[in-house]
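Take a look at the protein below. Where do charged side chains pair up?

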Amino acid sequence: MATIEQQPAIDHDKLMSFVFRAVDEVGATLNSAAVVMGDRLGLYRALAAGGPATPAELAERTGTAERYVREWLNGQAAGAYVEYDPAGGTYSLPAEHAVALTDESSPAFLPGFFQIAVGSVMDSPRITEAARSGEGVGWHEHNDDVFHGCERFFRPGYNANLVSAWLPALDGVVEKLQKGATVADVGCGHGSSTILMAQAFPKSNFVGFDYHGESIATARERADEAGVAGRVRFETASAQTYTGRGYDLVTMFDCLHDMGDPVGAAEHVRRSLAADGTWMVVEPNAGDRVEDNLNPIGRAYYNFSTFLCTPSSLAQDVGLALGAQAGEARLREVISAGGFGFVRRAAETPFNIVLEARP
């Protein structure tokens, strides 16, 4: 006799609560593109610099079309990104929001975060198809918003923490850098971290490595602009093939989890270090259990990992796919498997952990 499955009773209030939450989610998804739009058109900067404005006034300040600006402002007001004064029909940007939306030197700067999110969504159809077969999609196969958004998102955090907090947290490293050390920055991308260290330690020499040739070309341009090209060079190479031996410091910023063979990368780092050298691994901050990461930061990183980090790893040999929320315990396993006998958490921020490893 066939059994009839009982359908669970539906709590109508719970259902509608979820529906309205989903409506908010759709608005948030569209707002990511609206933030990138406002950043590119200078709308936030014009509001911050010129004060409250009507749509027509803001359009005139920015050389844009008033009808688009009016709709954009209303969306921003509905999301509480800007404030609306119905008495005067004007819109304003709170000072705190201006820091987060216009000041690229602030660790709270957000448009890069939105830009990499928009880039990830643009590439989502390809990732969806890859998920059917399990094949990877290389970092180099993404669109420019992913590359530039990634740099703009991570750079403010590096500016705020790398020289002032992270490097001083490593045993004896700052002293070496002040006297003159050799440093390899592996997975350097556009070179923000490499250049920042070079500016802070003029007696040391730096080489940045990344397998993505276009990023290396950008990094070289940035080094020229920063006036450090004489002590910084950039080369196209992977974490398993970069050149050089006897480095006093090897750094990896938010990239170990993207690698197909992070253990192989760790082994190569160990061989490239001086006997008393240090490996600094900066990774997304995460707990070791899934339930530890069920929060807004974990949600963002898990989703970025779905569209960027995991496909990147799966496109490489081994394809370990650690994911952006690997957690410290898993990272320690990888580093130790690479031949490092000493690993400790040296520093952290809400978004990153800094691990210090020595052979």
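Here are some questions and answers on salt bridges in this predicted model.

Q: How many salt bridges does a search of the whole structure find?
A: Side chains of opposite charge can pair when their charged atoms come close. A salt bridge needs a Lys or Arg side-chain nitrogen within 4 Å of an Asp or Glu carboxyl oxygen. The search of the whole structure finds 22.

Q: How many residues apart are R152 and E104?
A: R152 forms a salt bridge with E104. R152 sits in helix 8, residues 144-166. E104 sits in the loop between helix 5 and helix 6. The pair links distant parts of the chain, 48 residues apart.

Q: Is R152 buried or exposed?
A: Buried means under 20% relative accessible area. R152 has 14% relative accessibility. Therefore R152 counts as buried.

Q: Which helix holds both R155 and E151?
A: R155 forms a salt bridge with E151, and their closest N and O atoms are 3.0 Å apart. The two residues lie 4 residues apart, about one turn of the helix. Both are in helix 8.

Q: Is E333 buried, partly exposed or exposed?
A: E333 forms a salt bridge with R330. Buried is under 20%, exposed is over 50%, and partly exposed is in between. E333 has 48% relative accessibility, so E333 counts as partly exposed.

Notes:
Residues are numbered from 1 along each chain as its sequence is written. This is a predicted model: local features need pLDDT of at least 70, side-chain atom pairs count only at pLDDT 80 or more; totals for chains, interfaces and linings use all residues. Side-chain values use heavy atoms; hydrogens and water are left out. Buried means under 20% relative accessible area, exposed over 50%, partly exposed in between (1.4 Å probe, protein chains only).
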